[in-house]
Number of protein chains: 2
Amino acid sequence: MSKFARRMTTMEKSAAVIRGLFGNMNDPEIISFGGGAPAKEALPIDIVREITNEVMRIDKRGVEALQYGSVMGLPDLREIIVTDLLAPKGVKGTVDNVMITNGGLEPMNLVCQLYIEPGDVILVESPTFVHSVEIFEMFQAKCISVDMDDNGMIPEDLEAKIIKHKPKLVYVVPTFQNPTGRTLSLDRREKIAKLGSNYDVIILEDDPYRDIRYSGRDLAPIKAFDETGHTILASSFSKVFSPGSRLGYVLANDELIPKLFDSKTATNSHTSTLSQVVCAEFFKRGYYPLHHKKICDLYRERRDVMIESIDKFFPEGTKRTFPDGGLFTWAELPGDINTTELLLESINKPDVKVSYIAGESFFIEGGGMGNNCMRISFGGVTPEQIRIGVEKLGNLICSKLISFPKLKIVNG
Amino acid sequence: MSKFARRMTTMEKSAAVIRGLFGNMNDPEIISFGGGAPAKEALPIDIVREITNEVMRIDKRGVEALQYGSVMGLPDLREIIVTDLLAPKGVKGTVDNVMITNGGLEPMNLVCQLYIEPGDVILVESPTFVHSVEIFEMFQAKCISVDMDDNGMIPEDLEAKIIKHKPKLVYVVPTFQNPTGRTLSLDRREKIAKLGSNYDVIILEDDPYRDIRYSGRDLAPIKAFDETGHTILASSFSKVFSPGSRLGYVLANDELIPKLFDSKTATNSHTSTLSQVVCAEFFKRGYYPLHHKKICDLYRERRDVMIESIDKFFPEGTKRTFPDGGLFTWAELPGDINTTELLLESINKPDVKVSYIAGESFFIEGGGMGNNCMRISFGGVTPEQIRIGVEKLGNLICSKLISFPKLKIVNG
């Protein structure tokens with residue numbers, strides 16, 4: 001058969017890793033702390049039915065929902081993004097600066113189309129979001145990691161690596177980061193925006209979890225500090241509305257929008273207008289505030305139960321993050337437990353049957369980095385499942401660490 | 001600002017042409033034979049409302065419609081494609097050979113990801129579909145055109161150009177082709193499939209209009225003659241269900257599917273499950289046959305009125321195609337009328353105000369090819385608008401050809 005393009009080889013490894021990671025999540029007997037999907041209780045099913053019942057009519061928005069739409073997306077949905085979602089966070093921009101995308105990941109693909117030639121460097125957090133790395137590798141970029149701590153990416157290390165590697169892009173998930181649940185501090189947001197401007201590097205800010213904050217103080221996006229147009233903000237409706245509607249967006253300055261328009265045209269013309277109409281009406285008909293409160297209450301309770309259970313059942317010396325929002329926490333285990341090896345046992349042992357994502361898959365450096373870590377999602381599991389699952393998982397971990405007593409642990 | 005990737009330059013020209021082409025279509029005073037959108041009467045608005053009313057419930061398909069879905073798409077929709085849409089046409093394949101895409105154009109992007117390196121050759125019909133060319137140029141492919149006649153792409157010229165240019169892909173729109181409305185004959189379909197196998201070249205068959213045939217005999221797709229897996233079939237639900245739901249699909253052999261899976265993952269993870277659930281139920285609840293008859297009746301009438309009106313009002317010496325399906329015809333004018341220049345007048349003259357797409361934009365060769373041609377869509381205009389618009393356009397053309405009498409013309 002015909003020869004494949006080189007990009008298919010560079011992405012093959014990361015794709016195989018991801019298929020392995022997420023492949024086993026559908027066994028109904030397993031309590032899954034693996035997937036990053038929203039709770040099914042957080043899906044606005046009845047609201048969507050009410051909306052379609054109202055607007056799917058020839059004299060309402062029926063034609064608009066089913067006919068071809070514009071490349072940029074529906075004007076009223078873009079207006080909602082600018083006015084209701086971004087302006088209150090300090091992000092400036094008009095409706096012309098926003099494009100609707102097919103889900104929250106597509107902006108990464110479109111931005112790579114704008115900038116990435118084979119061999120170009122993209123700086124990412126360590127650890128980082130694997131699906132974005134998969135896109136970067138499809139574009140044959142070289143990903144290099146930047147150190148992070150509990151306050152997110154470290155600007156001093158970022159600056160040193162910008163100078164050394166001359167990257168095209170810096171990829172940051174600033175809020176309730178995937179996989180760690182960490183949030184980039186406000187002063188670092190400002191510093192990173194300025195590094196983009198000063199060194200003429202694009203900061204690609206991927207912020208899909210921002211709007212599910214249920215404790216702590218809201219922080220302005222990196223984009224709010226951008227004075228030169230070097231920051232591109234990507235986000236998603238997957239967590240606040242629904243992942244299945246596949247709606248994301250990208251906000252960029254006037255120079256970049258025509259290029260993003262061309263990229264989107266050459267990718268899939270435009271995003272589902274059916275989804276866009278329903279989502280726009282979700283906001284315009286005033287469903288969002290109550291729904292938002294409902295899902296924040298839901299996830300806050302799950303987070304609290306998760307943290308409490310980890311602190312109770314995981315061994316002494318465990319470090320874990322305390323996320324103020326989003327869907328996961330990150331745990332670093334004591335001793336020399338390999339979480340990749342442990343996962344097989346955890347999934348398959350009849351008295352455990354608990355899944356999570358092994359930490360090393362999020363480190364592009366390889367070499368065993370993060371092999372004592374795990375990403376633990378609490379979004380899609382009930383409090384009861386969390387209590388049971390964490391106890392079982394904690395007991396399994398403790399059984400590997402017989403010398404470590406099951407005691408209260410350090411807050412990471 | 002940061003330097004853009006080279007692909008942004010190669011696609012800039014075609015993107016600008018397309019924006020120019022389709023930019024002026026929304027003036028409500030203009031009778032538009034320009035756009036290729038389905039009639040609004042052909043959109044199943046009430047059906048979609050009925051379906052969502054039934055299935056958007058927690059105990060029905062509500063969770064499935066709003067939650068993350070699989071990269072490949074919903075199994076039942078893929079089953080419908082294989083069993084109901086493709087098997088009757090002689091195309092073999094299982095549900096595992098089909099992937100759902102975000103609209104009918106995305107398969108072209110995904111297949112380019114698999115194969116195209118900068119400088120690779122893609123053979124296309126002359127004239128061809130501009131939006132696909134835009135994708136090919138984004139991948140920095142070199143497009144070379146293959147001659148066609150009233151029976152579609154000419155296999156002898158294709159073979160000669162395969163030998164000469166060693167292309168990675170051959171792009172064909174076999175049925176009611178965009179822009180000409182022509183249909184590739186059955187024997188040529190078989191020949192083209194065999195050329196793909198014999199020369200180890202991928203035949204990318206783009207067949208979105210196939211299912212809106214309203215006269216003549218149905219023809220098996222090229223894919224039905226493919227014995228080696230060299231043909232990839234792409235199609236769309238835009239014409240038979242709705243463009244706004246953004247649903248297309250690609251059918252490929254077992255070797256290619258994992259690669260398409262990786263490409264789709266690295267593009268936008270998956271296609272809207274909301275759209276997919278509604279579309280699957282459209283077929284499963286038995287709405288399709290009646291809806292299909294309704295839209296075929298609608299378009300047949302419009303085609304007939306269009307052909308009758310062209311024959312009546314366009315000047316002697318005009319050649320036009322007679323499409324057995326799809327949404328447009330193609331006219332070649334006598335004399336030395338330049339349809340690009342004429343368009344400005346046709347859109348702006350107060351007593352005309354009729355649009356179409358000028359022919360030369362569909363010829364990648366440039367050099368004035370097709371500058372006496374026009375693509376004339378009849379899908380989105382009522383029979384009354386067709387009669388009025390064609391009379392006005394015909395009169396304008398005839399006024400440019402004072403020596404040619406307004407008489408009956410040759411059937412092309």
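Student: Which residues in α6(B) meet which residues in α10(B)?

Tutor: In this predicted model, B:L110, B:Q113 and B:L114 of α6(B) meet B:K259, B:L260, B:S263, B:K264 and B:T267 of α10(B). By class, this contact has 3 nonpolar, 3 polar and 2 charged residues.

Student: What makes α6(B) roughly perpendicular to α10(B)?

Tutor: Two packed helices are described by the angle between their axes and the distance between the axes. Helix α6 (residues 106–115) of chain B and helix α10 (residues 257–268) of chain B pack at about 115 degrees, and their axes are 9 Å apart. Angles of 65 to 115 degrees count as roughly perpendicular, and α6(B) is therefore described in that way relative to α10(B). The crossing of α6(B) and α10(B) is right-handed.

Student: Why is α3(B) called roughly perpendicular to α11(B)?

Tutor: The axes of helix α3 (residues 45–55) and helix α11 (residues 273–284), both of chain B, come within 10 Å and cross at roughly 105 degrees. The class runs from 65 to 115 degrees, so α3(B) is roughly perpendicular to α11(B).

Student: Which residues meet in the contact of α3(B) with α11(B), and how do they divide by class?

Tutor: From α3(B) come B:I47, B:V48, B:I51, B:T52 and B:V55, which meet B:V277, B:V278, B:E281 and B:F282 of α11(B). They divide into 7 nonpolar, 1 polar and 1 charged.

Student: Why is α12(B) called roughly parallel to α14(B)?

Tutor: Helix α12 (residues 288–313) and helix α14 (residues 383–400) of chain B pack at an angle of about 25 degrees, with 9 Å between their axes. Angles under 35 degrees count as roughly parallel, so α12(B) is roughly parallel to α14(B). The handedness of this crossing is right-handed.

Student: Which residues form the contact of α12(B) with α14(B)?

Tutor: On the side of α12(B) are B:E301, B:R302, B:V305, B:M306, B:S309, B:I310 and B:F313. They meet B:P383, B:I386, B:R387, B:V390, B:E391, B:G394 and B:N395 in α14(B). The classes in this contact are 7 nonpolar, 3 polar and 4 charged.

Student: How do you know that the two copies are related as by a two-fold rotation axis?

Tutor: Chain A is superposed on chain B by a rotation of 180 degrees with 0.0 Å of shift along its axis, and the RMSD is 0.0 Å. The two copies are therefore related as by a two-fold rotation axis. The same surface serves both copies, in that 100% of the contact residues of chain A recur in chain B.

Student: What makes up the side of chain A that touches chain B?

Tutor: In the contact between the chains, 64 residues of chain A face 64 residues of chain B. Elements of chain A that give two or more residues to this side include α1 (6–10), α2 (12–22), α3 (45–55) and α10 (257–268). With 6 residues, α10(A) gives the most. By class, this side of chain A has 27 nonpolar, 22 polar and 15 charged residues.

Student: What makes the peptide bond between A:S126 and A:P127 worth noting?

Tutor: Most peptide bonds are trans. The bond that joins A:S126 and A:P127 is cis, with omega about 5 degrees. A:P127 is in the loop between β3 (121–126) and α7 of chain A. In chain B, a cis peptide bond joins B:S126 and B:P127, and omega there is about 5 degrees. B:P127 lies in the loop between β3 (121–126) and α7 (130–138) of chain B.

Student: What is the phi of A:S269, and where is this residue?

Tutor: Most residues other than glycine have a negative phi. A:S269 is a residue other than glycine with a positive phi, near 70 degrees. The loop between α10 and α11 of chain A holds A:S269.

Definitions and conventions. Residues numbered from 1 in each chain as written. Chains lettered and ligands numbered in written order. Predicted model: local features only at pLDDT ≥ 70, side-chain atom pairs only at ≥ 80, totals over all residues. Axes fitted to C-alpha atoms, helices over the stretch in contact; angles between N-to-C directions. Helix = DSSP H or I, 4+ residues; strand = E, 2+ residues; numbered from the N terminus. Parallel < 35°, antiparallel > 145°, perpendicular 65-115°, else oblique. Left-handed = near helix turned anticlockwise from the far one by under 90°. Contact = placed C-beta atoms within 7 Å. Nonpolar A, V, L, I, M, F, W, Y, C, P; charged D, E, K, R; others polar. Least-squares fit on C-alpha atoms with pLDDT ≥ 70 in both.
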